[in-house]
Amino acid sequence: MATTRQIPLARTRNIGIMAHIDAGKTTLTERILFYTGRTHKIGEVHDGAATMDWMPQEQERGITITSAATTCFWKTNRINIIDTPGHVDFTIEVERSLRVLDGAIGVFGAVEGVEPQSETVWRQATNYGVPRIAFVNKMDRVGADYFAAISQMRSRLGANAHPVTLPVGFEEKFDGIIHLVEMKRYRWLDDSLGAKFEVEEIPADMKEMAEKYHKELVEAVAEFDDVVMQKYLDGKEITVEELQSCIRKGTISNKFNPVFCGSAFKNKGVQPLLDAVINYLPSPIDIPPVKGHNADTNEEETREANDDAPFSALAFKIMTDPHVGKLVYFRVYSGTLSIGSYVYNSTKGSRERIGRLLQMHANKREEIKEVHAGDIAATVGIKTITTGDTLCLEDKPIILEKMVFPEPVISVAIEPKTKVDQEKMGMALSKLAEEDPSFRVKGDEETGQTIISGMGELHLEIIVDRMMREFNVQANVGKPQVAYRETIRKTVEAEGKYIRQTGGRGQYGHVYITLEPQAPGKGIEFVDAVKGGTVPREYIPAVEKGMMEAKDAGVLAGYPVVDFKFTLTDGSYHDVDSNEMAFKIAASMAFKDAMREASPVILEPVMDVEVVTPDDFMGPVMGDLQSKRGKIEGMELRGTAQIIRSKVPLSEMFGYSTNLRSMTQGRATYTMQFAHYEETPKSVQQEIIAKVKG
């Protein structure tokens, strides 16, 4: 098929901007859009006017909630950008964006340095093998310390981080940068909103410092190119192009992280960062072909970033748009797709016609005729699709690697206010759950309530807010509940026998099982170890189904059971009376009996909590954390503030922001993110059981 690609694949970049909340990601994106000519006015987050923060909830709170995609052009290159949230409750948005991106900019505050969520997103990027450059923002702020931020990247992120630009002046005297590759000074002209700058010689008083860091940079990257390494050892001059080539090789191989500095808010340092995106981050052809498996043969296959290869794409985000319905964002890995053609959803086994293709600019849409390898675009009108599904050609079916989503840690009960709201609420919640795989909805059969679960209080607050505004549903929301889990501590064997004789055909199912604990986070494993057909093949899936249903409600307090291995060892059957239902019930009975004997325990989510407090309040803050069953893991002095890192059970953290404010006269802040599940102390376990049974 003939294609009309305007910009070659080698000049395309798919990048994400990721950071801790309030490091300035969205402000940086706004500047990028302005300097690339995508917007004609700079939108500010604090005015609620940022282009990429288009949801009312984002504008009111001044935070990014949903990842927004846009496209801009810089010096004959095309850059597709996804601005991701920095709040831990929306970590799923970062996760799914990183899955489809080729490179990322990690943004760090010059005062705060590496913060908890910066660590999380950096770790996520490492898991997906995404090459990164770093931008130390807010160099104009009081307490800005560029080199402390780089040192923290090395110690806390394990990054091989080296400065490529140096700041000229600090805090309110920050006045531009020195570029260590070009060995030039950049000075921005304030009257042009940072659009114009002058490139000058390095000032005499900074020459020595620039030489020192230039030498360190050359030393750090020369190893990525044998020719350059030899020139360096021979003491020969290394050209700008050679140095750029070494930095590029090191960055793409994930062995080096170039660091840039600036102040997005003060419009300084953004253009050299854009150059770095082009010079150092990979194009789709610089990264390994995407992996997947053939939907028919199950054999591993790859797809190269090439317009002539068979079409393959991954749906990484679904949104409900009031104007066009279900909007599906997808990343094209290979081939091309044009309007009117058919695609095959290999994950679901369904065929869909593509009626419209859209280029997204935050919440604005532009109709396009076709998409090519390396593009990020959206479509509407696809009926059966969920996040993580693969779109491909029916005669060349491939299923790309799935995305893994975190389990929710917090739940609330929600009730519609009126009968009319009841019908609308079901529809609204199912659409919101379709958009967000880390948000779950289930009905509580005993109380008749609807339970919604998510990653944190803010996550659920935003969901409810969206439900009320976008879907016009009025509802009452209960108090947050912790998503406890149950597990077992010892191996036991058990028998499950279900026999019913009620005249005519009866019911007969009989199994022997072994239930054993698995390591934390290992999940659930079902093993069929039946010999000699004592349980016929056709009933094995029913046994697994019975176990899967039974594990949803543990024997202590009815919470889901995790991290165990269920082995079906033996059983018996009846030629006439045995059926799937009987074996399902028998497996469920065996599981419950085994669990009672297997030393069951309740697990609770434990959070990583980091409190930044003035020195004067350190004692009361630490005492308070310890009174919440918190374990203090470390302290660090940053400027005049103390950073206290601890692990605290989530159940103890509700309402902590008010508590912390009153304890520190409103001067301390904290961040919290999920760490792991841990066994609850006996006394707490008894309280939980009493509450459930009471």
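Analyst: Strand 12 (residues 290-294) and strand 13 (residues 300-303) run antiparallel, and four bridges join them. Strands here are DSSP runs of E with at least two residues, and helices are runs of H or I with at least four, numbered from the N terminus. Two strands count as paired if DSSP finds at least two bridges between them. Strands of a sheet pair through backbone hydrogen bonds, either parallel or antiparallel.

This is a predicted model, in which local features need pLDDT of at least 70 and side-chain atom pairs count only at pLDDT 80 or more, while totals for chains, interfaces and linings use all residues. Residues are numbered from 1 along each chain as its sequence is written, and side-chain values use heavy atoms, with hydrogens and water left out.

Back to the hairpin. Lys291 stands opposite Thr302 in strand 13. Five residues lie between the two strands, and Asn298 in this hairpin takes a positive phi near 70°. Strand 12 also pairs with strand 24 (residues 398-400), in the antiparallel sense, over three bridges. There, Gly292 faces Leu400 of strand 24.

Four strands form an open sheet in the order 31-32-34-33, and the pairing is mixed. Strand 31 (492-500) and strand 33 (524-528) are the edges, each pairing on one side only. Neighbouring strands of this sheet are turned by 25° against each other on average, direction ignored. Such angles run from 0 to 180 degrees between N-to-C directions, with axes fitted to C-alpha atoms (for helices, over the stretch in contact).

Strand 33 pairs with strand 34 (residues 564-572) in the parallel sense, over five bridges. Glu525 has Lys565 in strand 34 as its bridge partner. Asp528 stands opposite Leu568 in strand 34.

Helices lie on this sheet. Helix 12 (residues 540-550) lies across strand 32 (507-517), strand 33 and strand 34, and runs at about 155° to strand 33. Helix 13 (residues 580-597) also packs on the sheet, touching strand 31, strand 32 and strand 34. The direction of helix 13 makes about 35° with that of strand 32.

Strand 33, helix 12 and strand 34 make a left-handed β-α-β unit. For handedness, point the strands away from you: a crossover is right-handed if the path from the first strand over the helix to the second runs clockwise.

One more strand residue deserves a look. Gly103 is found in strand 4 (residues 103-109). Gly103 counts as buried because its relative accessibility is 1%. Buried means under 20% relative accessible area, exposed over 50%, and partly exposed in between (1.4 Å probe, protein chains only). Leaving out residues up to four places away in sequence, Gly103 touches Asn14, Ile15, Gly16, Val130, Pro131, Leu281 and Pro282. A contact means heavy atoms within 4.5 Å. Gly103 and Asn294 are 191 residues apart in sequence, and their C-alpha atoms are 27 Å apart in space.

Finally, confidence. pLDDT is the predictor's confidence in each residue, from 0 to 100. The chain has a mean pLDDT of 85, and 90% of its residues reach 70 or more. Residues 45-55 stay under 50. Residues 61-65 are also below 50. Where pLDDT is low, the predicted coordinates should not be read in detail.
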